[in-house]
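Please examine the fold described below, moving from a strand and its partners to a second sheet, a core and a pair of rings.

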Amino acid sequence: MRLLIVEDEERLRNTLKRALEAEFFAVDTAEDGKEGSRLARINNYDLIILDNILPHKTGLEVCYEIREDKRTTPIIVLSVKTETTTKVELLNAGADDYIIKPFSFDELLARMHALLRRPKAIEEDVLRVGGIELDNISNIVKKDGKEVALTRKEYMLLKYLMTNEGTVLSRGMIMDHVWDMNADPFSNTIEAHILSLRRKLEDKSKLICTIPGRGYKLKSTKLKVAGKN
């Protein structure tokens, strides 16, 4: 999943980026409201962490601009302000949650997971496709019951494929959700990671399919109901 952090305090911004990357997120950052608003409206993020007091544009203004652009990305606002009126203004502007600084990383992570589950209704604790098992809680992957050691990016790519089982995912979609904005879209990094996944998962049944000219998909192993397409 791909996140955007909009925070002008460099130390906090970098600390959050490192901590969230360790939790298997791709993370972009912005240090002011103007750049944060721009990135939020040109990229497809799964969640935005937005500071309230920012240079150039406030968190309130950024919220308004994101929602006016018809973006429904969940937004968590971080703020030192505790006044109810401030919270109400931001929630009315489109924020989904509000956390008062200082805060614990565990609390932020719990609130993030709560919001990330909301649009898709449910994110299963364990994803299973054709002998592959991915545990969203422990971040452990198994193939036919045997644990498989994956890099962080390999794990993120596999999770994206499994979450969208049976759906063709273009290179652009994969790049948007698994890599951050510093990735070179013209490199062969996706192809290299797909090859590595196939090798590590011993994908002899070719669950991970290449769709020429379109992208990749994880072959669906769900049983089809008779009479339904």
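In this predicted model, five of the five residues of strand β4 (residues 75-79) are buried, so the strand is largely enclosed by the rest of the structure. Buried here means under 20% relative accessible area, with exposed over 50% and partly exposed in between, for a 1.4 Å probe and protein chains only. Helices (H or I, at least four residues) and strands (E, at least two) are DSSP runs, numbered from the N terminus. From β4, I75, V77 and S79 point one way, whereas I76 and L78 point the other way, and all are buried.

Residues are numbered from 1 along each chain as its sequence is written. Because the model is predicted, local features need pLDDT of at least 70 and side-chain atom pairs count only at pLDDT 80 or more, while totals for chains, interfaces and linings use all residues, and side-chain values use heavy atoms, leaving out hydrogens and water.

The partners of β4 come next. Strand β3 (residues 47-51) pairs with β4 in the parallel sense over four bridges; two strands pair if DSSP finds at least two bridges between them. Within this pairing, I49 stands opposite I76 of β4. Between β3 and β4 the chain passes through helix α3 (residues 59-68), a β-α-β crossover that is right-handed. A crossover has this hand if, with the strands pointing away from the viewer, the path from the first strand over the helix to the second runs clockwise. Strand β5 (residues 97-100) also runs parallel to β4 and is joined to it by four bridges. In β5, Y98 is the bridge partner of V77, and D97 is that of I76. The path from β4 to β5 leads through helix α4 (residues 84-93), and this β-α-β crossover is right-handed.

Four strands in the order β6-β7-β8-β9 form an open, antiparallel sheet. Its edges are β6 (126-129) and β9 (146-148), each with a single partner strand, so one side of each lacks a neighbour in the sheet. Inside the sheet, β7 (residues 132-135) and β8 (residues 141-143) pair in the antiparallel sense over three bridges, and E133 has K142 of β8 as its bridge partner. Helix α6 lies across β6, β7 and β8, at about 110 degrees to β7; axes are lines fitted to C-alpha atoms, for helices over the stretch in contact (heavy atoms within 4.5 Å), and angles run from 0 to 180 degrees between N-to-C directions.

The largest nonpolar core has 29 residues, and V141, L158, L161, M162, I174 and L201 have the most contacts inside it. Such a core is a set of buried Ala, Val, Leu, Ile, Met, Phe, Trp, Tyr and Cys residues joined through side-chain atoms within 4.5 Å. Helix α6 gives the most to this core, with seven residues. Leaving aside neighbours within four places in sequence, V141 is in contact with residues including I132, L134, V148, Y155, L158 and L201.

Finally, there is one aromatic pair, counted where ring centres of Phe, Tyr and Trp (its six-membered ring) lie within 6.5 Å; planes under 30 degrees apart are stacked, over 60 edge-to-face and the rest tilted. The rings of F24 and Y155 have centres 4.4 Å apart and planes at 40 degrees, so the pair is tilted. F24 lies in the loop between α1 (10-21) and β2 (26-30) and Y155 in α6 (residues 152-163), so the pair ties together parts 131 residues apart in sequence. Both F24 and Y155 are buried.
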